[in-house]
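Here's a quick tour of one protein model, from the overall fold down to a single helix. Have the viewer open as you read.

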Amino acid sequence: MWFSVGMYDVIIAGGGHNGLVAAAYLARAGRRVLVLERLGHFGGLAVSARVFPGVDARLSRYSYLVSLLPSRIVRDLGLRVELRGRRFASYTPVGDGGLLIDNGDPARTAASLKADAGAWRRFYAMAGHVAERVAPTLLEPLRDRAELRDAVDDREAWRDLFERPIGDVVDERFTDDTVRGVVLTDALIGTFADTCDPALLANRCLLYHVIGNGTGDWNVPVGGMGAVAGALADAARAAGAELRSGMEVLHVDPAGEVTFRDADGAEHAVSARWVLVNMPREGSAEGSQLKVNMVLSRLPRLRDPSVRPEEAFAGTFHINESREQIDRAYREARDGRVPAVPPAEVYCHSLTDPSILGPELREAGAHTLTLFGLHMPARLFRADPDGSRAAALRATLASFDAVLAEPIEDCLLRAPDGTPCLEASTPVDLENAVGLPGGHIFHRDLSWPFAEAAGERGRWGVETEHPRVLLCGAGARRGGGVSGIPGHNAARAVLDAG
């Protein structure tokens, strides 16, 4: 294996989706680019895998939906990806009924929301306005707070989304506790926070969940997340970037030298004018989720006779996520206990995109389910990773069963060896498997999409204390989620520098 010092203009440490976006933009602009990735594949957490031996189902193992990826990046890079919308936004079982948000039938949605129907329309109209105004700025140099407030041009929206705790806002705007909880779940994905905390971490999380691509829509990547990563890797290679997997970056020198170890254990050093870091920094970041991947022989039966399982699971299926249940789970986790009734949400990829299943599974009526549990911070799994994972999984499956007409375990497909098709991952598992400190899926707590510190305005939110080293991953300002935005912005910072 041979590398030439001075051969590259840019070295990208980490071949996740953001690193691939940066590589594609820079190589298309004529820069000589080397991407170094520790794992044996590219795409980071935006990948698909056949998780269960002998089962022909390609699961989006870690990340699973796409909202923040701008259409502009897709167009610029000529990405061959298909993102499908979902008619049903969500279903929340309550007793023997439930709350259905049907994008194709406003009357049905209004009947489900009852007294909160008007408040729901007003809140999401406000969020839609903010999305239209803020999303385009994510691919531009940073504005300061006042400039972004002027761009939003709506005092009420700015106050309620950027200045007041979202928990207080939701309490004022909605009367039903279940409706409040459905709104607040978007403020807690991968984020351990009190929604009434004046630090507004939950507000920041909510903001990134409602502004994606100017609409806030969450779409299904056809072929699974691996199709997105594959398209990005193809675009980077086609532009001339050099992609090397099995290369573990050991050290980045501020002068531009990168030391790494290859798959055979040999160490190498290579230099470039710029180093883009697509890896999380060590620190106090703490993820907060339980991810459970499943393959089912069939969808489970519901207690609600007015909604078909194919409708309920086509969007986001909320499990015990009323406002009161979310708050109780937060307090229990804060005090060091796995929540007794964990709130969670479930999504079925195969209802929208059956291509991830092999022909036999499709014909048999099998489906995939992804469960994402809230308020499961890494601290709960440090002392006894295996035992606490098992306890969290038991509690979460019991929480799921409580809102179904039958146990979910009765619907699990069995692999050829007889084991149920179920895989659970905690933040500690993510830390150990893919090197995320604290298992934080956003690398660190999400930041506001405007300049907060002196000297940030007009920059790209990717700069570090070292002029030749830039962030290009989820830990950059305006990072988090599957977006490609930090990769685009790091590339722009390089190109603007000449």
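## Overall fold

What share of the contacts in the protein with a separation of 6 or more comes from residues 24 or more positions apart? It's 73%, with contact meaning heavy atoms within 4.5 Å.

This is a predicted model, where local features need pLDDT of at least 70 and side-chain atom pairs count only at pLDDT 80 or more, while totals for chains, interfaces and linings use all residues. Residues are numbered from 1 along each chain as its sequence is written, and side-chain values use heavy atoms, leaving out hydrogens and water.

The protein has 17 helices and 18 strands (DSSP runs numbered from the N terminus: H or I of at least four residues for helices, E of at least two for strands).

## Size and burial

The C-alpha trace spans about 65 × 60 × 45 Å along its principal axes.

Of the 498 residues, 59% are buried, that is, under 20% relative accessible area with a 1.4 Å probe, protein chains only.

## A look at H12

Helix H12 covers residues 323–334 and reaches 17 Å from first C-alpha to last, close to the expected 16 Å (1.5 Å times one less than its number of residues). Its buried residues include Ile326, Ala329 and Tyr330.

The buried residues of H12 pack against helix H7 (166–173), helix H8 (177–185) and strand S16 (367–377). Just after H12, glycine 336 takes a positive phi of about 95°.

Key:
Buried < 20%, exposed > 50% of the residue type's maximum accessible area, 1.4 Å probe, protein only.
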